[in-house]
Structures are given as C-alpha cells and as structure tokens.
Amino acid sequence: MKINELRELLATSEPERISKAFRECYKKLAKSKKEELDPLIRDILSGKEPEKNIRKSAKTMDFTELSAEIDTFLYNAYADNYFVLNKVISKERRSKWRFEAKDFLKALIVVNETDENFDKSVIYLTKLFDVFSYGCRYHVFSDYDTFRSIGMEQEELFAIVVSRRLISIGYTEENLKTML
C-alpha cells in the first residue's frame, strides 16, 4: 500500500480501529525494528516533530570516518570477503557492496578543489577505481562487471579520476605515465 492510500484509509477510519491496527502491526515487527522505531513513536506521540531519516552524506560525514570505511571496504574486497563465505561480512551485507561503493563515490566526487581533503579524495577515488578494475578481472565481488553494478561506465569513472588527479597533482610527465 502506498502512503496516499494509507492516508485515505486512516482519514475514513475510527480512532479506536486505527489504534488497534497500529498495535497489531507493532506486534508483528522484529525486535530490532521495534527498537529502531521506539524513539520515533515516542516523539510523535509526545508532539515533537519526527526527525527525517537522513543517510550519511558527504556533507555530514567526517572525512576521517569516510576514509576509514573506504579502507575497510578495500581491505575486504582484496581479501575476497565480498565473494566467498566468511565471518567478516554477513551474507546479507555481501550482496550490498555496490550500495556502499556508490555512497563512497558520491561522497568523494562532491569534494571540490578548495576543500582541504581534495587530495585525499583523489587518492581514494583512484583506489576505488583500481579495485573495480581488479574486480572485472578476478572474482572480488559477486558480479562480473563491477562498473555496471555501481551504475557507472569504466570510462566515465576513469575520466573523473584523471581530471581530479590532474587538478590535484598537476600535469607532470610522471603523473601522465602513471595514469596511462
């Protein structure tokens, strides 16, 4: 049911039936979901405006936290923890590597040239590009084409890495050879 359908249904229902429906739905939730929703329910029932569920974005995430998460992601990728059974990454999380990677790329691409972390973001973009390229040759992830899985073409990400790297390090002969 969509939210508009739910609104219409709630508008035409009696308060006692709404309360009963809410109680029955709450009973069906898993304990972890109940713990997650409890603060939201308390806020709404006390009259406070509920906080929006905002995922970590590049502007709110600390760059040191982001770099630590990327380092962990890279370590797990090269250790084949996203491909084979292991105790490091759960089965549910193993197939969601692409969403982590997309979030990392979005966070790194947003960093502009005037930011103090620009050079570090270029290094991490390069490392991510390298692991995705490596993933196309070897089974690192569950997909054969890692670039397609993250929703980018290899050439598109390479162009971003090259342009940012040239801005960061400059047009030196050694830098151009490294990128080629």
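1. Basis. The model is predicted, so local features need pLDDT of at least 70 and side-chain atom pairs count only at pLDDT 80 or more, while totals for chains, interfaces and linings use all residues. Residues are numbered from 1 along each chain as its sequence is written, and side-chain values use heavy atoms, with hydrogens and water left out.

2. Secondary structure. The protein chain holds 10 helices and zero strands, and its elements run α-α-α-α-α-α-α-α-α-α from the N terminus. Helices (H or I, at least four residues) and strands (E, at least two) are DSSP runs, numbered from the N terminus.

3. Chain totals. Of the 180 residues in the protein chain, 30% are buried; buried means under 20% relative accessible area, exposed over 50%, and partly exposed in between (1.4 Å probe, protein chains only). The protein chain exposes about 13,200 Å², with carbon and sulfur atoms supplying 55% of that area. Accessible areas come from the Shrake-Rupley method with a 1.4 Å probe, and for residues only the protein chains shown count as cover. Among contacts (heavy atoms within 4.5 Å) with a separation of 6 or more, 55% join residues 24 or more positions apart.

4. Nonpolar core. The largest nonpolar core has 30 residues, and F73, L128, F132, I150 and L157 have the most contacts inside it. At least two residues of this core come from each of α4 (63-78), α6 (97-110), α7 (118-137) and α9 (154-169), and α7 gives the largest share, eight residues. A nonpolar core is a set of buried Ala, Val, Leu, Ile, Met, Phe, Trp, Tyr and Cys residues joined through side-chain atoms within 4.5 Å. Not counting residues up to four places away in sequence, F132 touches F73, W97, A101, L105, F141, T146, F147, I150 and L157.

5. Helix α6. This helix has 14 residues and reaches 20 Å from its first C-alpha to its last, close to the 20 Å expected at 1.5 Å a residue; the expected span is 1.5 Å times one less than the number of residues. Its buried residues are W97, R98, A101, F104, L105, A107 and L108.

6. Largest pocket. The volume is about 700 Å³, taken as the space filled by probe spheres set on grid points joined across faces, edges and corners. On a 1 Å grid over the protein atoms alone, a pocket is an open set of points where a 1.4 Å probe fits, with protein on both sides within 12 Å along at least five of seven lines; lining residues have an atom within 4 Å of a point. The lining comprises 18 residues, of which L6, L10, F22, I41 and I44 lie nearest the centre. Helices α1 (3-11), α2 (15-28) and α3 (31-46) each supply at least two lining residues, and α2 gives the most, with six.

7. Residue M152. M152 lies in the loop between α8 (146-149) and α9 and counts as buried because its relative accessibility is 14%. Leaving out residues up to four places away in sequence, M152 touches L105, I109, F147, L157 and I160. The C-alpha atoms of M152 and K102 are separated by 9.3 Å, although the two residues are 50 residues apart along the chain.

8. Residue D80. D80 sits in the loop between α4 and α5 (91-94) and has a phi near 65°, a positive value in a residue other than glycine. Most residues other than glycine have a negative phi. D80 is partly exposed, with a relative accessible area of 29%.
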